[in-house]
Amino acid sequence: MEFAELIRTPRVDNVVLHRPFYPAVEGTLCLTGHHLILSSRQDNTEELWLLHSNIDAIDKRFVGPLGTIIIKCKDFRIIQLDIPGMEECLNIASSIETSEWRLSYVNKEFAVCPSYPPIVIVPKSIDDEALRKVATFRHGGRFPVLSYYHKKNGMVIMRSGQPLTGTNGRRCKEDEKLINATLRAGKRGYIIDTRSLTVAQQARAKGGGFEQEAHYPQWRRIHKSIERYHILQESLIKLVEACNDQTHNMDRWLSKLEASNWLTHIKEILTTACLAAQCIDREGASILIHGTEGTDSTLQVTSLAQIILEPRSRTIRGFEALIEREWLQAGHPFQQRCAQSAYCNSKQKWESPVFLLFLDCVWQILRQFPCSFEFNENFLIMLFEHAYASQFGTFLGNNESERCKLKLQQKTMSLWSWVNRPSELRKFTSPLFEANNLVIWPSVAPQSLHLWEGIFLRWNRSSKYLDEAYEEMVNIIEYNKELQAKVNILRRQLAELETEDGMQESP
Amino acid sequence: MEHIRTTKVEQVKLLDRFSTSNKALTGTLYLTATHLLFIDSHQKETWILHHHIASVEKLALTTSGCPLVIQCKNFRIVHFIVPRERDCHDIYNSLLQLSKQAKYEDLYAFSYNPKQNDSERLRGWQLIDLAEEYKRMGVPNSNWQLSDANREYKICETYPRELYVPRIASKPIIVGSSKFRSKGRFPVLSYYHREKEAAVCRCSQPLSGFSARCLEDEHLLQAISKANPVNRYMYVMDTRPKHRMQSWWATQKDIGRIIVRISSKIWNDEKIRESHEQKRLNAMANRAAGKGYENEDNYSNIRFQFVGIENIHVMRSSLQKLLEVNGTKGLSVNDFYSGLESSGWLRHIKAVMDAAIFLTKAIMIENASVLVHCSDGWDRTSQVCSLGSLLLDSFYRTIRGFMVLIEKDWISFGHKFSERCGHLDSDPKEVSPVFTQFLECVWHLTEQFPQAFEFNEAFLLQIHEHIYSCQFGNFLGNCQKEREELKLKEKTYSLWPFLLDDQKKYLNPLYSPKSQAVAVLEPNTVSFNFKFWRNMYHQFDRTLHPRQSVFNIIMNMNEQNKQLENDIKDLESKIKQHKNKQTDGVLTKELLHSVRPESPTLKTSLCFKEQTLLPVNDALRTIEGSNPADNRY
């Protein structure tokens with residue numbers, strides 16, 4: 001996430017400023033790199049110049065379309081801004097609030113955390129020295145970093161590796177400070193551990209562990225259990241095997257499908273992502289997510305939560321950015337996980353369809369909200385294919401550090417540069433898409449989850465009739481657009497003729 | 001209404017079936033003569049027809065009130081909490097009475113009044129004309145004729161008056177055969193394939209016992225096979241499965257007395273032959289009990305084939321198991337699939353589908369006529385004949401054609417709707433979801449062939465709704481004779497014209513008449529093609545459905561396209577007139593203002609007020625009901 005990107009609305013007109021003992025001032029609100037400025041743009045009236053760093057707390061309220069921001073300053077001053085249009089208000093607020101965050105180059109040489117990118121976003125109040133200390137306390141050096149900022153209410157998703165508490169309950173003051181720095185005064189947050197409590201407890205014996213409530217009193221820990229590694233790989237193998245045998249009778253097919261546990265994993269991952277999104281959007285609480293390494297189930301959850309919360313991540317570019325950010329930059333070891341798929345006999349323990357499960361979860365949400373995604377199923381299938389085998393460099397290597405060493409940017413082509421060509425994009429664009437700004441809550445009931453036929457039955461049956469039906473659907477939509485355009489042209493034409501007639505008649 | 005003691009209860013809570021947060025809507029419950037109505041604080045109405053109620057249960061009193069759980073035949077389950085136990089008890093008792101009527105005349109259809117006059121009503125009943133349908137198929141013709149043998153229901157009470165039989169089958173042969181067949185249901189024509197000149201016939205099982213023969217019956221079968229000029233061989237499909245008789249079989253000490261003649265003339269595949277033989281053994285066991293199947297030795301030119309569809313009792317308990325599993329709160333994926341498996345439901349659906357495919361292949365590939373029967377020939381036989389016809393003939397895949405199909409193979413041939421649907425307070429062992437299974441098979445076909453059907457899922461759901469609603473006369477009674485005695489055509493209305501009036505709702509926007517070129521559907525019945533029909537069994541569980549329906553969008557867009565096409569025509573003609581006028585210098589004022597601005601509002605039909613079919617959003621792209629509290633995370 002580019003920092004500058006977060007300043008969305010640099011200027012808003014018709015803002016009313018209320019200050020104690022002063023008459024209200026109407027004017028234009030501007031945001032600069034350092035200041036919030038309100039000017040009436042008239043002579044002899046005061047302008048308000050407020051340093052971002054002076055802002056201690058911000059409240060916002062909506063009364064109808066009118067938004068109100070109350071800014072509480074460190075010098076105890078309290079001012080109120082009435083801003084027309086809620087949207088602007090949100091943008092302004094988020095622009096201001098991100099002054100709580102900064103970019104850190106502490107990992108420039110990949111020395112602090114080999115699986116992190118060179119630049120990460122961290123709380124402003126935490127300096128690089130502290131980050132280095134926290135890195136020694138987190139698995140793989142993966143100190144907590146910002147994964148997602150929810151503009152609507154300023155809550156965040158952070159992710160990290162597990163804390164290395166070990167059996168004797170080690171703690172790290174800087175870690176506690178870092179995590180708490182993400183909370184507003186009086187707010188509580190949630191730590192979502194993607195492992196069950198038992199697994200997390202067992203991890204202590206190997207030097208890992210989880211956050212003790214005593215040391216993180218403002219945080220509530222929730223354990224979920226998302227499976228990892230070979231369990232997922234076995235699940236995939238069983239599922240593919242079941243799908244490939246056409247001779248199964250009904251009972252056998254259903255029991256094989258069940259025994260593969262694939263949809264159970266889907267449900268578990270989706271449920272955890274929904275829970276994370278719920279904490280952010282409904283409870284107004286920030287969250288930290290981690291499992292063991294923070295490179296697998298953690299990323300499934302952080303990325304899916306963004307699909308649910310953030311409309312942009314449901315567009316093609318947004319989804320590409322999400323994959324870049326939450327999977328490639330975040331250090332999901334694609335090389336290891338996708339080395340082999342369901343048919344290979346030599347099973348290595350690090351092979352695991354983590355990314356495929358993520359794509360499957362996205363597909364499940366897409367099925368439930370077909371109009372909320374700019375891309376279609378083919379886009380997801382294409383990504384699956386390229387994650388496992390690709391002529392592009394994008395999914396090579398296990399993290400940024402490796403990709404730098406391999407000089408992939410110089411030596412290979414990026415998948416995105418190919419995908420984003422208009423001729424390719426057309427294949428991946430959903431004709432049903434209509435952007436909405438809503439948070440989308442999928443159903444995770446077993447009756448709502450489906451086997452992803454486009455992946456698992458793809459080579460086992462003809463999809464001729466389904467493809468033709470899809471074509472027909474596209475035709476109807478395109479025809480609709482054509483007709484509407486034509487009607488508009490004709491209406492205009494008629495209106496012109498009518499005015500001409502009118503003119504002829506009047507003399 | 002003497003059964004209604006309390007007509008209105010306030011402060012009633014309606015619980016969400018799948019929500020764990022015990023989220024509830026508070027509102028007022030009304031009891032009318034025909035419906036139970038709940039209006040919540042947002043003025044949203046939930047209508048439940050008394051006839052739809054399958055069971056009412058009063059649970060133990062809780063602190064918040066008295067829970068009342070109502071299960072409906074359309075798979076709606078509502079959970080009310082009534083504040084005072086007395087009110088709850090009154091409603092409970094009333095509903096028990098109202099949902100189980102003792103006589104037909106008390107059913108809704110006899111009081112339902114859609115404000116039509118007698119001639120409109122009569123026209124409604126004449127909408128579907130089976131004589132026309134047989135004509136469309138190509139009968140009567142040189143081989144098939146209309147028989148008047150059953151004109152007065154003298155031979156078979158459960159058959160219609162008009163039956164088509166081979167021209168060479170004389171009346172004595174028909175009468176003789178009917179005496180040999182269970183309930184007198186002798187072999188008659190169900191579908192005639194004009195192009196192949198092959199026939200689908202139906203009947204009940206022969207009462208053959210171990211050795212009994214019936215020459216007339218043998219003659220009739222021979223007449224059927226002779227009516228096919230291309231292939232003299234005909235298939236006799238017994239739709240029953242083998243293991244139904246296995247318990248009986250096990251008790252027989254003298255199995256050795258029964259000589260099994262292994263026949264391999266049909267099947268080369270070893271496996272199929274084996275199971276075929278086993279099925280044969282079991283039917284043979286049935287035959288020993290006095291009922292049975294045709295002995296190939298006595299009938300010339302027949303090929304005997306078993307397909308394994310279970311009986312009504314198995315189907316009933318299968319559905320019960322399925323519903324139990326799916327009703328569980330917080331159901332896990334594994335429990336769902338193991339429940340789906342152990343219920344056997346999809347296995348049964350597949351069996352029906354496979355049977356229909358067998359029939360289709362016999363006709364299309366071997367050009368052979370087929371005679372289908374089960375025991376009485378009104379359940380499994382109806383399923384197989386109707387589904388087979390649907391695969392063979394694209395007419396039945398249109399809205400009107402589907403109505404004709406139901407009239408033909410289900411209503412007229414005496415599928416016992418009233419008993420199977422439990423319209424009256426009668427033997428619960430006669431209730432069975434046989435017709436529901438047929439609809440589900442059709443739904444599976446629409447999934448595999450999205451462009452082959454003129455109608456959509458909502459059409460199937462609406463029909464399902466009305467086989468239980470008792471609002472229209474079509475499905476009342478168990479056979480045509482009974483319907484005539486009830487004077488349904490004078491006293492009730494037919495469903496079909498109402499569905500046709502509302503046709504727009506039921507059109508499949510992707511339907512492509514060009515797919516009629518693919519006249520015969522060849523579905524793939526690999527197990528993974530069968531899916532749980534969520535929109536049927538969870539139709540009313542809003543939270544389980546996709547929040548945006550592609551289908552609705554396309555449907556509306558299709559409608560809009562038609563409107564736009566008209567608008568374009570309008571506009572073009574107006575522009576043309578204007579141009580002419582400009583040259584003529586003549587101006588007609590009214591034309592200027594008559595451009596239609598918006599599409600006209602669609603006529604909404606009053607008679608379907610109480611149903612919310614597919615409760616997906618009506619508004620195009622809203623995400624109604626998308627709420628984390630609705631889901632369990």
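Reply: Start in chain B with one bridge. B:Leu36 has B:Ile48 of β4(B) as its bridge partner. That bridge brings in two strands. Strand β3 of chain B covers residues 35-40, and its pairing with β4(B) is antiparallel, over five bridges.

The turn comes next. Four residues lie between the strands of this hairpin.

How enclosed is strand β4 of chain B? The strand spans residues 45-49, and four of its five residues are buried, so the rest of the structure largely encloses it. The cut-off behind that reasoning is a relative accessible area under 20%.

Now the boundary between the chains. This is a predicted model, and the values here are computed from it. On the chain A side, 72 residues are in contact with chain B; on the chain B side, 68 residues are in contact with chain A. The area buried between the two is about 6300 Å². Carbon and sulfur atoms give 63% of that area.

Polar links cross the boundary too. Between chain A and chain B there are 22 residue pairs in polar contact, both residues at pLDDT 80 or more. Salt bridges between the two chains number four. In one salt bridge, the side chain of B:Lys531 meets that of A:Glu453, at 3.5 Å from N to O.

Which helices of chain A supply at least two residues each to the side that touches chain B? They include α6 (250-260) and α7 (262-281). Also among them are α11 (354-368) and α18 (464-505). The largest share comes from α18(A), with 24 residues. By class, this side of chain A has 35 nonpolar residues, 20 polar and 17 charged.

A:Asn376 sits in the loop between α11 and α12, the latter being residues 377-388. Is A:Asn376 buried or exposed? Its relative accessibility is 6%, so A:Asn376 counts as buried. Beyond its neighbours within four places in sequence, A:Asn376 is in contact with A:Leu366 and A:Tyr470, among others. The list also includes A:Lys427, A:Phe428, A:Thr429 and A:Ser430. A:Ile316 is 60 residues away from A:Asn376 in sequence. In space, the C-alpha atoms of A:Asn376 and A:Ile316 are 9.3 Å apart.

How values were computed:
Residues are numbered from 1 along each chain as its sequence is written. Chains are lettered from A and ligands numbered from 1 in the order in which they are written. This is a predicted model: local features need pLDDT of at least 70, side-chain atom pairs count only at pLDDT 80 or more; totals for chains, interfaces and linings use all residues. Side-chain values use heavy atoms; hydrogens and water are left out. Buried means under 20% relative accessible area, exposed over 50%, partly exposed in between (1.4 Å probe, protein chains only). Two strands pair if DSSP finds at least two bridges between them. Contact means heavy atoms within 4.5 Å. Buried area is the accessible area (1.4 Å probe) that two parts lose on being put together, summed over both. A polar contact is a pair of N or O atoms within 3.5 Å; within protein, one must be able to donate a hydrogen and the other to accept it, and residues adjacent in sequence count only if both atoms are side-chain atoms. Ala, Val, Leu, Ile, Met, Phe, Trp, Tyr, Cys and Pro count as nonpolar, Asp, Glu, Lys and Arg as charged, and the others, Gly among them, as polar.
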